[in-house]
Structures are given as structure tokens and as C-alpha cells.
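This report describes selected features of one protein model, taking in turn a loop, a ligand site and some helices. Please read it alongside the sequence and the structure shown here.

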Amino acid sequence: MAVSQRPLAARSSGTAPQAHALGLGLRGAAATLRPRRHSRAPASSSSPGAPRASLIPAAPPAPAATSPAAGSVPLSNGGLGGPAAGAGVLPGPPSGPITGAALGELVRKFKRLQNGSDIRGIALEGVPNEPVTLSAGAVFFIGVAFARWLRSKGHAAPKVSVGRDPRLSGPLLESTFAAGLIHGGAAAVHLFGLATTPAMFYSIVLSGGASSGPASPAFFSTANSVASAAKRASPLNPDAAGSPPAGSGGTNTMLPPPPVPPASELAAQPYTGAVMLTASHLPYNANGLKFFVAAGGLDKPDIAELLQSAAAAAAEAGVNIGDPVSEQSHLVAVALSLDPSRLARLPFLPTYSASLRDLIKRGVNSPANYHFPLLGCHVVVDAGNGSGGFFAEQVLAPLGADTSGSVFLNPDGTFPNHPPNPEHPAAMASGAAAVKASGAELGIVFDTDVDRSAIVDAAGREINSNRFIALMSAVVLRQHPGTTIVTDSVTSNGLTDFIGALGGKHMRYKRGYKNVIGAGMRLNAAGEDCALMMETSGHGALRENFFLDDGAYLAVKAIIEHVRRKQEGAAGGLAELLAGLAEPAESREWRVRIQHSDFKAVGGRVLSAFHEWVTAAPGEGEGGVPAAPGSWSLESVNHEGWRVNIDEGEGRRGWLLLRQSLHDPLLVLNVESELPGGAEAAAARVAVWLKAGGAGAELPLDLGALAALAAAAAAGK
Ligand SMILES: O=P(O)(O)OC[C@H]1O[C@H](O)[C@H](O)[C@@H](O)[C@@H]1O
């Protein structure tokens, strides 16, 4: 990444304007907003592109003062990447660095924020028993850590884009995160405001930062032409978008020269990192961060390293995370010392939308209407008041689609209508109702940050989970005959048969979209063709799309397929593709809480006992523990937990899977049956076995709803 090391001619170090620019010191470190209650939004009143209240003005006023922040000390590198040439300075810690037992507690606070390959926590006060864990101060130091991490990977002057979903805590956290990035040595930080998770990765792609990725050559020419068009137009051009003029203040002689290239040069540099502030479908009081670099999303070990580094930076600055006084005094002092010329606010969704429109134009390739390929199509979007409303207004409508009847397009961080989550029945019911009410041909349901989606067909049939994987498999298998499709572990037997019947190969792997995508990437690296990786949650990644889990890209593929079928005069809509998909009569999930701090070990014991029970020779059972039914047989390949096939008679096949939850202290039992009542009957067998001590007499398990099944079975019901 060739970023110029040329210093700015001059830089400012004023006081009030910087604090204003970063929106710091305006509120408590932990915002105390409560959700406003909104009436249901009318379909036509959406305005996803319009920025919500922002703490970052488009063009910060020229600084008035030039004196350095009093009592500053140089920011040390915290063990990553060497000292930052021109990184900011941290104000002197109020009571010295944090050490000893307090340091241990600080590290634990940061570590608890890790959720797999994401960071997540509670960001707003107001819900009983849910104290703030992802405070403004914590996010500041995560920003410091990410900038240092990028520098440690060889990016001397990182340029970082930051987007957010509509959560109420978003504006404050984006400001403190930006401040942290600049202090950690970021050369430029561009705040996009409302954005989506895939859009953030695309900011790297479209600015030319991921051009050696695995996308198809056809797509690259699209991406590059959009990128160059974007550079000419205003959205990615700081000069046009109101970036503050470089060098409008005096030079702060206390600070080493910053590695910031002039604004015009910076605009031409690709983003080295991109970050989305979101907690996906979690409630309004949560928030979180997802990180991207040119190679893709950061993974678990990277996040662990970031959080460790963030804790070290907080300790060094003497800031006690979670203590508003400690956090606020630090954040305000930092704001006063920041160089505002490193920060710009730029809308990115218009640029990103243009790239999605281009994909649809190329995909449909309409001889009659290349530029308006969706003329005559009625498609509705249910964005659940998350970030996805732009898709109707900036992608579909400009291509000629009728999007009337779309619902909940307006971003509202209280999510007043339904959880923005295509796994949630209320979200799917809402999308289906919108299709039926408007008579649309197709519906798209997005999650909050648009890395997941689902479809509704013209009849209002909900196409999510196994059905959506089957639909995408049918599309992908036509383009890549014989390809392997990797899914998570809880997919149906019908899906495996469906993929097989179309000539594909199904690899049923583990829960967790990162696990699923990782398995597909390894297959490709080993020479096996694997074009699609998709989880029942709606996370789906295509090899042609950088292996990125991307709900908007899945929607684009579905729309192209829909129009293609129309053009060919195919009978029926998209759901016709699913004609060969056998569906179970029942699909259920039960969760058993493990009440122990070492829940992984306890869960592991239960699972090995379960394996022994299921594979034991048929018999009567012993010591009050019943034997496993003779109709059960262990699945031959298991990547997590134990999946058991159930012979339900007359050719009917059920299955159950007992596994550990990915992140939580839970055992999860998934059951599918082709018989009404079959799922409960199978779950009751497991419940009775657990209750009778089959996995050990004193195991700290809270059976939850399974307890009632065990009791009913004992009572002979
Ligand atoms: O293991 P579970 O508790 O079912 O959770 C598993 C889920 O965890 C997270 O939400 C991941 O984003 C999903 O990809 C994954 O499927």
C-alpha cells in the first residue's frame, strides 16, 4: 500500500473546533438515551440516505487557536508496530498508568467484548440488569488499537472508513472511534454515517484496495469503473465533500510531523481498513464493531489481539473503562489535541449503490432496456428500520423497479416494528405481508446491517433458511455445475438431497458463518470447486464476491434470476426453483443452559456421554437411564456435536443434533421430523436421558423447556 509519507504543510491544533468536530464532551461517556416510540412508518416516508443527527459537521470551522494540549505525553506504541510518526499524543493520565489487579480487571473488561470475530457489548443505559460494557471510552481505545494494528501490518499511514447502522449509540461511538483511530496513527478517517457491513468492505474494493481478490474479471472491470467514476464525483472526493482545508491553522511544534498526504492525494488512496459499527439484529441498546482489511474480515485471533492492545492503551493512559469521569476527562482532552484535517464525513451509500446497480444491469443484460432492467418489476423491501432501506430507493427504483409497498425503510435505531432479522418469524411475516398487500412479484428482507437477507415470492412464501440456501444453490449450480456448497450443521436432509439432485456436493459443516466461509475457502485452496458458502441464518458468501457474507449481493443474485426467468418466459416465479426441495413436517430447537464457568468442558462431557449412549449396543438401559432408541443411528460425518438419523418408518427420515452453542453457555438440540409430533417425541428421549443422569448425575444443567418434556414422558403422556 503506497501511501505518501509527505507531511502536511501545516496542521492545526486548536481547541474548541476539534472538540466540536469529534462531538466529544457533549454527552456522558455512556449515553443514556432511551428509545423513542415510533408509530409504524408509512411505506412511502422512507429516507435511508438522509443522515441522522450527526456529531460530525460536514465542514468543521477553521481552528482558532494553535496551542498544544496542556500536559500531553507521547503515545507509546503499546507493543504494536513501532512508534507512530505523527500519531497523536495522549493527555497525561490523571492518576498514572493502571497496573496490578486493576490492570487484570481492565483486560477482562475488554476481553468480554469479544463475540467470535466481532466486538459486541451494551452501549446504552436504560435496560435493567444490562449495564453499559461498550462505552465511548472502550470504543476510543479499540480505535487506537485498530490503527496500531494496521500500522503493525505494514501500513505506515492507514486510511480507514467507518460506517454505522441506525442505533442510537452510533453517532457518539463513531466519533470516539474516529478519535481513537487518529490517536493510534491513522492518516485519514472517513465517516460514512449510515452504511451496511458489506458496503464497508466494498469501500476497500471500490477505492481500489482489494483488486487482487478472487472476484471475477467481469466484476473487477465493473468495480474499477465505478471506483474511478466515484473518484471523479463528489462522494469519495474530500475536496468536493467538504473536507477541511489542510493546514489552515498554525504548526504545533510539540508534535512530530504527521504522515498525512494532502487531501487530493488521500482521496486517491485505497482504504486500508474499514469498520462497521453494528450489533446486527441484537436489541437497540447493544452495539458492536466489525473490521475489514483488503483480505477480508478480521478473524477471532485478530480481535483478541485488538482487545488486548486496547486494554494496554487504556491502562497506559490511566483510563478506567466504565467510569464516566475517567473516560470523559480523557476523551475531551483528546478531542482538544486532535488534528481535524485527518477527518472527513462522506456519504458512501450512493457510490456503493451505483456498483450494485451495475451488477444488476450486467446480470440481466437486457437487450431492450440495459439501463432500466427492472422496468415492469414490482419488488418490495422490508429493511426492518435497519440500514437496508437504501436498496429500494438507491438500487431498485433507479433501475426502473416499482418499489411501492416497501416497509420500514426509514432507519430507526429503536427498531420499533420487528427485529431486523430474517431468522425471526416476525420479520419474515412482515415481509410476506408487504408482498401480499402490494401484489409485488418479489420481496427482500434484510437484517439490520445487510450482511443477511431472505426472499419472499409472489405468493408470499417465505424463502429463508434451508429454502434460501436451496434457491442460491440452484442458481450457483447452473453457473458452476458440480460445485460444492458448504452450509452450517443444522440444514435439512431435504437440502442435501436437493443439492445432490442438481449434481452438486453438499458439505454440512459447523454453525457460525465464519466457520462455513472458512471451510469453503480451504476447499478452494485445496483445489476443490466451491462456489457458495451459506448458513441457515441468512449469511451467504459467494466465491465470486470475495467470499464476503453479503445480504445485498444475495438479493442482487435473486433479482437477476427472477428477471432472467421472466425474460425466458419460465412458468412460475423463483419458488419454482424449489419444486424439488423436500420439507420436514417439523423443525424445532431447544436450548439447555450450562450453569458453570467452564461451560465448554461441561458441554464436552455431555457430548461424549451422548455419543456413547447413541452408539451403545441396543439394550434395556441401566441404572434408570433408558437406552437410546434402536431407530437412531449416528450420522457418519460430524464436524460439531453429534447428529443422529432417525428412522421414522415408511421411508420417513428425521434427525437430531446435539451440539454446543458457538458463543454461549448452552447445549443446543435441533430436531427435524417428517411426522407431526415427531420433533417433540425425539427431544423427549434426550430430555429423559439428561434428567436420569445419562451424562452424569450432578451436571449443572438447566434443562429449560426440555424439563417439561421429560416430566410429561415420565408421567406417560
Ligand atoms: O451456536 P448458536 O448459539 O446457535 O449461535 C450461532 C450463531 O452465532 C452468531 O450469531 C453467528 O453470527 C452465527 O453465524 C451463528 O450461527
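## Val450 and its loop

In this predicted model, Val450 belongs to the loop that links β12, residues 442–446, with β13, residues 453–457. The backbone of Val450 has a positive phi of about 65°, although the residue is not a glycine.

## The ligand and its surroundings

The shell around the ligand is made up of Arg511, Gly512, Tyr513, Glu535, His539, Arg591, Arg659, Ser661, Leu662 and His663. Sorted by class, this shell holds 2 nonpolar, 4 polar and 4 charged residues.

## Lys510

Lys510 is placed in the loop between β16, residues 505–508, and α15, residues 513–525. Is Lys510 buried or partly exposed? With a relative accessible area of 27%, which falls between the limits of 20% and 50%, Lys510 is partly exposed. Computed along the sequence in residues, Lys510 and Pro419 are 91 apart, and their C-alpha atoms are 25 Å apart in space.

## Helix α10 and the residue after it

Helix α10 runs over residues 349–364, a stretch of 16 residues, and its first and last C-alpha atoms are 22 Å apart, close to the 22 Å expected at 1.5 Å a residue. The buried residues of α10 are Leu349, Thr351, Tyr352, Ser353, Ser355, Leu356, Asp358, Leu359, Ile360, Lys361 and Val364. In an α-helix there are 3.6 residues a turn, so residues three or four places apart point the same way.

Tyr352, which lies in α10, is buried with a relative accessible area of 0%. Tyr352 and Gly154 are 198 residues apart along the chain, and their C-alpha atoms are separated by 27 Å. Beyond the end of α10 comes Asn365, located in the loop between α10 and β11, residues 379–382. Asn365 has a positive phi of about 50° although it is not a glycine.

## Helix α4 and the residue after it

Helix α4 consists of 14 residues, numbered 170–183, and reaches 20 Å from its first C-alpha to its last, close to the 20 Å expected at 1.5 Å a residue. How many of the residues of α4 are buried? The helix is mostly covered, with 14 of its 14 residues buried. Just after α4, Gly185 adopts a positive phi of about 110°.

Notes
Residues are numbered from 1 along each chain as its sequence is written. This is a predicted model: local features need pLDDT of at least 70, side-chain atom pairs count only at pLDDT 80 or more; totals for chains, interfaces and linings use all residues. Side-chain values use heavy atoms; hydrogens and water are left out. Helices (H or I, at least four residues) and strands (E, at least two) are DSSP runs, numbered from the N terminus. The expected span of a helix is 1.5 Å times one less than its number of residues. Buried means under 20% relative accessible area, exposed over 50%, partly exposed in between (1.4 Å probe, protein chains only). A residue is near a molecule or strand if one of its heavy atoms lies within 4 Å of it. Ala, Val, Leu, Ile, Met, Phe, Trp, Tyr, Cys and Pro count as nonpolar, Asp, Glu, Lys and Arg as charged, and the others, Gly among them, as polar.
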